[in-house]
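Visitor: Hi! Could we go through this structure together, a bit at a time?
Guide: Happy to. Here it is.

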Amino acid sequence: MTLLFTPLELTGATARNRLWVSPMCQYTSVDGMPNDWHHVHLAQFATGGAGMVITEAAAVTAEGRITAHDAGLWNDEQRDAWAPIVAAIHARGALAGVQLAHAGRKASTHRPFDDARGSVSRADGGWTTVAPSAIAYEGFAEPVALDADGIDALVAAFGEAARRADEAGFDLLEIHAAHGYLLHQFLSPLSNTRTDEYGGSLENRARVLLRVVEAVRDAAPNRTIAVRFSATDWAEGGWGVEETATVAGWVGEHGASVIDVSTGGLVAHQQITTGPGYQVPFAATIRERTGLLVTAVGEILDGPQAEAVLRDGLADAVMIGRGWLRDPHFALHAADELGDAEAATLWPPQYLRARRR
């Protein structure tokens with residue numbers, strides 16, 4: 001058996017393989033409710049052999065949505081709408097993950113495929129955004145800096161969303177601290193200029209994230225907790241891989257067991273050099289420094305490339321987004337490319353590979 005199709009033990013469950021579906025926003029929800037689109041979109045990847053299917057970002061508050069069309073988990077009705085989608089993923093042999101998120105200063109925007117760009121005005125259904133400091137993302141509306149009560153409410157919202165995710169049956173709860181959204185905004189000195197206990201030193205800038213990890217852990221103690229980081233801002237004076245490695249170790253001490261390593265998204269003036277596997281070296285650094293389970297993402301294009309990431313000890317699992325969109329049976333074709341005859345016949349017998357304890 002190839003490494004890519006070797007099961008991976010997690011908290012409370014076992015993923016049948018290490019080829020996972022990365023969170024991908026769909027912008028098809030109304031009032032934060034997942035619907036038939038999400039059911040079909042996500043279940044197809046489980047049929048196609050994924051070991052873990054992670055939903056798009058689910059906002060922990062209505063104001064935390066990137067757009068008015070984002071999914072959420074801020075009320076029980078949304079929990080109940082997610083539950084049959086989770087069951088469909090499980091029925092096809094994969095584990096189900098959810099990404100818990102708050103967009104911060106990047107909230108209340110138009111969808112990427114809309115004609116308009118930037119922030120949506122109140123007159124057009126938008127809302128006031130929040131951030132660690134009143135510093136706007138380039139081209140967006142200026143946010144309001146969160147006060148102590150607002151931070152407490154934010155932490156509580158993550159905890160409540162985690163409780164609902166647990167009740168809906170999700171196996172993995174990923175805290176989104178990447179791509180320039182609110183928790184990333186607290187981490188980076190480019191967006192956090194506070195002078196209180198949540199700004200300045202690395203310990204202070206990481207304080208909100210650590211509180212969120214604790215709240216999620218306490219709400220769902222028997223689930224796998226992951227944190228997605230942007231390992232670098234790709235901008236001078238910004239957040240970098242050494243700080244990421246340090247804080248990743250801290251979130252591990254507070255209850256997270258999986259680190260999902262991406263990059264960028266904090267500022268519009270970032271300077272990124274992309275290419276196949278361009279983010280994998282960051283994942284390798286975090287894995288070496290923390291000893292935690294690490295997933296790699298970013299232009300991983302086929303089975304042999306994904307297998308090489310694992311064989312070289314650079315990550316414990318791989319996350320793929322666009323590849324799954326192009327080919328919902330990506331895992332089956334990857335198994336064929338690698339000559340893994342057992343994994344290439346994933347269904348129906350191997351549905352039993354996903355075990356929830």
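**Walking through the model**

Guide: Let's begin with a polar contact of 2.9 Å, which joins the side chains of Thr14 and Glu9. A polar contact here is a pair of N or O atoms within 3.5 Å; within protein, one must be able to donate a hydrogen and the other to accept it, and residues adjacent in sequence count only if both atoms are side-chain atoms. This is a predicted model, where local features need pLDDT of at least 70 and side-chain atom pairs count only at pLDDT 80 or more, while totals for chains, interfaces and linings use all residues. Residues are numbered from 1 along each chain as its sequence is written, and side-chain values use heavy atoms, with hydrogens and water left out.

Visitor: Is Thr14 buried or exposed?
Guide: Thr14 is buried, with a relative accessible area of 0%. Buried means under 20% relative accessible area, exposed over 50%, and partly exposed in between (1.4 Å probe, protein chains only). Thr14 sits in strand S2, residues 13-15; helices (H or I, at least four residues) and strands (E, at least two) are DSSP runs, numbered from the N terminus.

Visitor: Changing topic, what does Glu138 make a polar contact with?
Guide: The side chain of Glu138 pairs with the side chain of His269, at 2.6 Å. Glu138 lies in the loop between S7 and strand S8 (144-145), and is partly exposed at 34% relative accessibility. Leaving out residues up to four places away in sequence, Glu138 touches Val267, Ala268 and His269, where contact means heavy atoms within 4.5 Å.

Visitor: And what does Ala235 touch?
Guide: Ala235 touches Leu190, Val267 and His269, again not counting residues up to four places away in sequence. Ala235 is in the loop between strand S10 (224-230) and helix H7 (241-253), and counts as buried because its relative accessibility is 18%.

Visitor: Where is Ser119 found?
Guide: Ser119 is in the loop between strand S6 (95-101) and strand S7 (130-131). At 26% relative accessible area, Ser119 is partly exposed. The Ser119 side chain reaches the backbone nitrogen of Ala141 at 2.8 Å.

Visitor: Now helices. Why is H9 largely enclosed?
Guide: Seven of the nine residues of H9 (residues 303-311) are buried, so the rest of the structure largely encloses this helix. Those buried residues are Gly303, Gln305, Ala306, Glu307, Ala308, Val309 and Leu310.

Visitor: What covers the buried residues of H9?
Guide: The cover includes helix H8 (280-290), strand S12 (293-297), strand S13 (317-320) and helix H11 (330-338).

Visitor: Nice. What happens at the start of H9?
Guide: There, a side-chain oxygen of Asp302 reaches to within 2.9 Å of the backbone nitrogen of Gln305. After H9 comes Gly313, whose phi is positive, near 70 degrees.

Visitor: Which residues touch the most other members of the largest nonpolar core?
Guide: Among its 83 residues, they are Leu19, Leu100, Ile175, Leu209, Phe229 and Val251. A nonpolar core is a set of buried Ala, Val, Leu, Ile, Met, Phe, Trp, Tyr and Cys residues joined through side-chain atoms within 4.5 Å. Helix H3 (residues 148-168) gives the most to this core, with nine residues. A second, separate core of 14 residues includes Leu8, Leu172, Ala226 and Met319.

Visitor: How big is the largest pocket in volume?
Guide: Its volume is about 1,300 Å³. Of the 46 residues lining this pocket, Pro23, His179, Tyr181, Arg228 and Arg322 are the closest to its centre. On a 1 Å grid over the protein atoms alone, a pocket is an open set of points with protein on both sides within 12 Å along at least five of seven lines, a cavity is a set where a 1.4 Å probe fits but cannot get out, and lining residues have an atom within 4 Å of a point. Grid points are joined across faces, edges and corners, and a volume is the space filled by probe spheres set on the points.

Visitor: And how many cavities of 30 Å³ or more are there?
Guide: The search of the whole structure finds one. The largest cavity has a volume of about 60 Å³, and strand S4 (residues 52-59) gives the most to its lining, with three residues.
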